[in-house]
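Keep the structure open while reading.

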Amino acid sequence: MQFCHGAPGFVICLAEFPSIAIDDLLIAAGEAIWAAGPLIKGSNLCHGTGGNGYAFLKLYQRTGNSEWLERARAFAMHGIAQTNAATLHYGQMRYSLWTGDIGFAIYLWDCLRSQAAFPTLDVFYGS
């Protein structure tokens with residue numbers, strides 16, 4: 001599962017839906033992301049661990065359940081290891097918002113702040 005192809009994107013894009021009618025569906029999507037585990041593609045937002053972790057931050061923001069924040073931070077720790085391994089392997093970091101380390105750094109910052117401000121979607125188009 002990755003942000004651009006499934007449950008993580010679904011949760012991130014619909015987490016501010018004003019009705020509780022979809023809460024069970026959002027939580028089920030979060031559980032599916034957790035069960036699938038961190039992605040092997042890297043730490044980035046689009047198709048990596050950071051994008052999936054943002055779904056947990058969104059669920060924490062929506063439900064107030066600290067388990068989602070703990071899961072987001074667990075994915076963050078895994079993503080840090082992925083970033084370090086990729087930097088060693090390729091001899092450089094990746095410099096883009098969606099598929100690079102900049103987006104992941106923003107995710108780490110949001111994990112520290114216990115907030116979910118997904119780049120572009122929430123920052124430019126948020127309510």
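**Helix α5**

The model is predicted: local features need pLDDT of at least 70, side-chain atom pairs count only at pLDDT 80 or more, and totals for chains, interfaces and linings use all residues. Residues are numbered from 1 along each chain as its sequence is written, and side-chain values use heavy atoms, with hydrogens and water left out.

Helices here are DSSP runs of H or I with at least four residues, strands are E runs of at least two, and both are numbered from the N terminus. Serine 114 follows α5 and has a positive phi, near 60 degrees.

The expected span is 1.5 Å times one less than the number of residues.

| Helix | Number of residues | Span, first to last C-alpha | Expected span |
|---|---|---|---|
| α5 (101-113) | 13 residues | 18 Å | 18 Å |
| α3 | 15 residues | 21 Å | 21 Å |

**Helix α3**

α3 is mostly covered, with 11 of its 15 residues buried. Among them are Thr49, Asn52, Tyr54, Phe56, Lys58 and Leu59. Glycine 64 follows α3, and its phi is positive, near 75 degrees.

Leucine 59 lies in α3. Why does leucine 59 count as buried? Because its relative accessible area is 1%. Beyond its neighbours within four places in sequence, leucine 59 is in contact (heavy atoms within 4.5 Å) with Val11, Leu26, Ile27, Gly30, Gly64 and Trp68. Leucine 26 is 33 residues away from leucine 59 in sequence, yet their C-alpha atoms are 7.6 Å apart.

Tyrosine 54 has its own list of partners. Not counting residues up to four places away in sequence, tyrosine 54 touches Ile12, Leu45, Ile106, Tyr107, Asp110, Ala116, Ala117, Phe118 and Pro119.

**Helix α4**

Threonine 83 sits in α4. Threonine 83 is buried because its relative accessibility is 8%. Leaving aside neighbours within four places in sequence, threonine 83 contacts Ser43, Met93, Asp101 and Phe104.

α4 also packs against α2 (residues 23-36), at an angle of about 35 degrees and with the axes 12 Å apart. The axes are lines fitted to C-alpha atoms over the stretch in contact, and angles run from 0 to 180 degrees between N-to-C directions. Ile27, Gly30, Glu31, Ile33 and Trp34 of α2 meet Trp68, Arg71, Ala74 and Phe75 of α4. By class, this contact has six nonpolar, one polar and two charged residues. Ala, Val, Leu, Ile, Met, Phe, Trp, Tyr, Cys and Pro count as nonpolar, Asp, Glu, Lys and Arg as charged, and the others, Gly among them, as polar.

**Core and whole chain**

A nonpolar core is a set of buried Ala, Val, Leu, Ile, Met, Phe, Trp, Tyr and Cys residues joined through side-chain atoms within 4.5 Å. The largest one has 22 residues, of which Val11, Tyr54, Phe56, Leu57, Ala72, Tyr107 and Cys111 touch the most other members. α1 (7-14), α2, α3, α4 and α5 each give two or more residues to this core.

The protein has five helices and zero strands. Of its 127 residues, 43% count as buried. Among contacts between residues at least 6 apart in sequence, 64% join residues at least 24 apart.

Notes. Buried < 20%, exposed > 50% of the residue type's maximum accessible area, 1.4 Å probe, protein only.
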